[in-house]
Amino acid sequence: MDIVMILFLSFIPMLIYATVLWWLDRFEKEPLYLLALAFLWGAVPSIILSVILEVIFDIPITMLSGSALAYDLLGGSIAAPLIEEGTKALALVALLLFFRHEIDSPLDGLIYGGMAGFGFAAVENAFYLFGAYSEGGMGDVTSLALMRAGLFGLNHAMYTGFTGLGIALALEVRSFWLKGLLPLLGFGLAMGAHAYHNTFATFTGHMGSMMPLALAVLGDWAAILFLFGVIIASRFLEQRRIRHFLERRTATMQFRREEIAMLTSPLKRWWAQVQALLTGNLQHWRRVVRYFRTITEAAFAFHRAQHGDAKAGVRLQRLEQELLALRTAA
């Protein structure tokens with residue numbers, strides 16, 4: 001029973017956080033299978049690779065360390081951020097290479113990075129909680145779970161969210177140099193935020209003072225609130241892109257003013273889908289959901305095509321043909 005409780009405390013909070021992050025994507029939900037793959041990458045391959053690489057790196061770290069503090073700082077503040085953020089970032093690189101069209105806005109990169117981070121955190125939490133159980137029983141497990149799943153529960157998602165944001169922003173710009181610089185900057189912020197937390201956590205253990213832990217909390221939540229601000233800003237950015245596309249296509253597709261108002265409002269979209277579902281006609285409901293998704297994808301492709309993305313231009317043509325077919329069938 002204790003094992004089940006430890007797994008519950010490790011995974012359920014991360015799955016709840018992941019669900020909230022998914023919900024925040026208001027206009028175009030990312031494919032659930034890709035979100036699940038990102039979460040699973042963080043939970044399994046990323047953890048395995050990190051453990052292997054950290055064992056390898058432990059050899060030179062032990063040789064270079066002159067004290068216990070130096071050993072913990074080299075391992076926690078340098079090796080761990082580099083290795084763990086690097087292995088989690090591989091999921092985002094794979095998405096960029098094989099599912100580039102799914103990263104439509106800065107929010108998408110942040111969401112995929114967050115999913116990989118939540119997967120990693122769930123398994124890492126299990127390791128720490130089982131360790132606490134072996135030393136002090138369920139009492140120690142509960143207190144540690146409150147800290148890791150509560151106070152620091154968003155940390156790994158925040159770290160890798162920076163990496164995903166950098167990759168997504170690179171797809172937004174034309175400059176060749178910025179396309180190369182932004183992913184590196186995002187990855188650097190991920191490592192920096194991770195190193196910041198680990199450094200102050202290390203000093204907390206060695207100094208026996210809560211001041212370093214308080215500084216870790218302040219820094220962590222400042223970064224989390226910053227990314228939450230990015231999420232809010234991305235919502236308005238996506239809304240503006242959808243409106244721009246609809247207004248530019250009003251002549252050819254005859255979008256009405258009230259329809260544009262509905263298509264640019266997450267709440268009105270949701271209500272329209274509820275009304276379609278309440279009719280009892282599942283085919284009609286699926287067509288409404290597909291229509292909203294296609295509108296959004298076309299708007300994002302339109303924006304990318306205007307900024308010189310040839311692949312987005314080809315995709316836009318296909319999406320507009322699909323839109324015409326859906327509007328004709330309505």
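Where is the place of E320? I found E320 in helix α14, which spans residues 310–329.

I noted the ground rules next. This is a predicted model, where local features need pLDDT of at least 70, side-chain atom pairs count only at pLDDT 80 or more, and totals for chains, interfaces and linings use all residues. Residues are numbered from 1 along each chain as its sequence is written, and side-chain values use heavy atoms, with hydrogens and water left out.

**E320**

I looked up its cover. E320 counts as buried because its relative accessibility is 15%; buried means under 20% relative accessible area, with a 1.4 Å probe and protein chains only. I then listed contacts (heavy atoms within 4.5 Å). Leaving out residues up to four places away in sequence, E320 touches F245, R249 and M253.

**The whole chain**

I counted 14 helices and zero strands. Helices here are DSSP runs of H or I with at least four residues, strands are runs of E with at least two, and numbering starts at the N terminus.

I checked the extent. The C-alpha atoms fill a box of roughly 70 × 50 × 30 Å along the principal axes. The chain has 330 residues, and 46% of them count as buried.

Key:
Buried means under 20% relative accessible area, exposed over 50%, partly exposed in between (1.4 Å probe, protein chains only).
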